[in-house]
Amino acid sequence: MKNSIRSFKSPDGERFSVLVDEQGMPLYYPTLFATWTLRARSVAANTITNALNALKALFAWEAHLGFDLESAFGQGTFLDENQVRDLTDFLQRSLINKKSNDLVSFNRRPKVVSPSVHYYL
C-alpha cells in the first residue's frame with residue numbers, strides 16, 4: 001500500500017493535511033485522529049503533518065511485514081518485543097525511494113537515522 005500526505009488550504013486560509021491511499025481516498029482512522037485529537041487541540045499544521053508522516057511510516061512497516069495492526073488491535077493483541085524491535089529498526093532506515101540503480105553512493109552505507117535524533121510522539 002502506497003500512502004501519501006495531501007495538504008490543502010481552505011478558503012479562510014486554514015491549512016490541513018490528510019493521509020490518503022493510492023486512489024487519493026483519505027484513510028479513516030488517521031483522518032479521525034488528525035481531526036478529532038490534533039485539530040481539536042489547535043496544534044499547528046506542521047505538527048499535524050509530522051504526526052501523519054509518523055503514521056505513514058507505521059503503515060509502511062505494516063505493509064513490509066505483512067501484518068494487519070487494525071485487526072490485531074481489534075482482537076486485543078499487541079506488538080510483542082520482536083515486533084517492536086523490528087519496527088524501530090525499520091524506522092531507522094531511510095524511506096526515500098531510490099530513483100535509479102545507476103547511481104551508487106561513495107561510502108555504500110545505507111542511510112539511517114542517528115540514535116541521537118530519534119523522535120517519538
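The model is predicted. The chain has 121 residues, and buried residues make up 21% of them. It contains 4 helices and 2 strands. Its largest nonpolar core has 10 residues, and a search of the whole structure turns up 2 salt bridges.

**Overall layout**

- Along the sequence, the elements run β-β-α-α-α-α.
- The accessible surface of the chain is about 9,500 Å². Carbon and sulfur atoms account for 56% of that surface.
- Take the contacts in the chain with a separation of 6 or more: 38% of them join residues 24 or more positions apart.

**The nonpolar core**

- The 10 residues of the largest nonpolar core are Phe-16, Val-18, Leu-19, Val-20, Leu-27, Ala-34, Leu-38, Ile-48, Ala-51 and Leu-52.
- Three elements each give this core at least two residues: strand S2 (15–20), helix H1 (28–38) and helix H2 (45–65).
- S2 supplies the largest share of this core, with 4 residues.
- Ile-48 is one of the core residues. Beyond four places in sequence, Ile-48 touches Phe-16, Ser-17, Ala-34, Leu-38, Arg-39 and Val-43.

**Ser-17, a polar residue in strand S2**

- Ser-17 sits in strand S2.
- Is Ser-17 buried or exposed? Ser-17 is buried, because its relative accessible area is 4% and the cut-off for buried is under 20%.
- The side chain of Ser-17 has a polar contact with the side chain of Ser-7, at 2.8 Å.
- A polar contact of 2.9 Å also links the side chain of Ser-17 to that of Thr-49.
- Leaving out neighbours within four places in sequence, the contacts of Ser-17 are Ile-5, Arg-6, Ser-7, Ile-48, Thr-49 and Leu-52. Among them, Ile-48 and Leu-52 belong to the largest nonpolar core.

**A nonpolar patch on the surface**

- Four residues form a nonpolar patch on the surface: Tyr-28, Tyr-29, Leu-32 and Trp-36.
- Together they have about 550 Å² of accessible area.
- Tyr-28 lies in helix H1.
- Tyr-28 counts as exposed because its relative accessibility is 57%, and exposed means over 50%.

**Salt bridge between Arg-39 and Glu-14**

- Side chains of opposite charge can pair when their charged atoms come close.
- Arg-39 and Glu-14 form a salt bridge, with their closest N and O atoms 2.4 Å apart.
- Which parts of the chain does this pair link? Arg-39 is in the loop between H1 and H2, and Glu-14 is in the loop between strand S1 (4–9) and S2. These are distant parts of the chain, with the two residues 25 residues apart.
- Arg-39 is partly exposed, at a relative accessible area of 33%.
- Glu-14 is partly exposed as well, at 36%.
- Arg-39 is also among the residues that Ile-48 touches.

**Salt bridge between Glu-81 and Arg-85**

- Glu-81 and Arg-85 meet through their side chains in a salt bridge of 2.7 Å, N to O.
- Where do the two residues lie? Both are in helix H4, 4 residues apart, which is about one turn of the helix.
- Glu-81 is exposed, with a relative accessible area of 57%.
- Arg-85 counts as partly exposed, at 42% relative accessibility.

- Gln-83 is found in helix H4, which covers residues 81–92.
- Gln-83 counts as buried because its relative accessibility is 17%, and the cut-off is under 20%.
- Setting aside residues up to four places away in sequence, Gln-83 touches Trp-61, Phe-67 and Phe-78.
- Leu-65 has its place in helix H2. Leu-65 counts as partly exposed, at 37% relative accessibility.
- Leu-65 and Asp-86 are 21 residues apart in sequence. In space, they are 9.1 Å apart, C-alpha to C-alpha.

Note on methods:
Residues numbered from 1 in each chain as written. Predicted model: local features only at pLDDT ≥ 70, side-chain atom pairs only at ≥ 80, totals over all residues. Heavy atoms only, no water. Core = buried A, V, L, I, M, F, W, Y, C linked by side-chain atoms within 4.5 Å. Buried < 20%, exposed > 50% of the residue type's maximum accessible area, 1.4 Å probe, protein only. Contact = heavy atoms within 4.5 Å. Polar contact = N/O pair within 3.5 Å; in protein donor to acceptor, adjacent residues only side chain to side chain. Patch = residues over 30% accessible without salt bridge, like charges linked within 9 Å, V, L, I, M, F, W, Y side chains within 5 Å. Areas by Shrake-Rupley, 256 points an atom, 1.4 Å probe, with all protein chains shown as cover.
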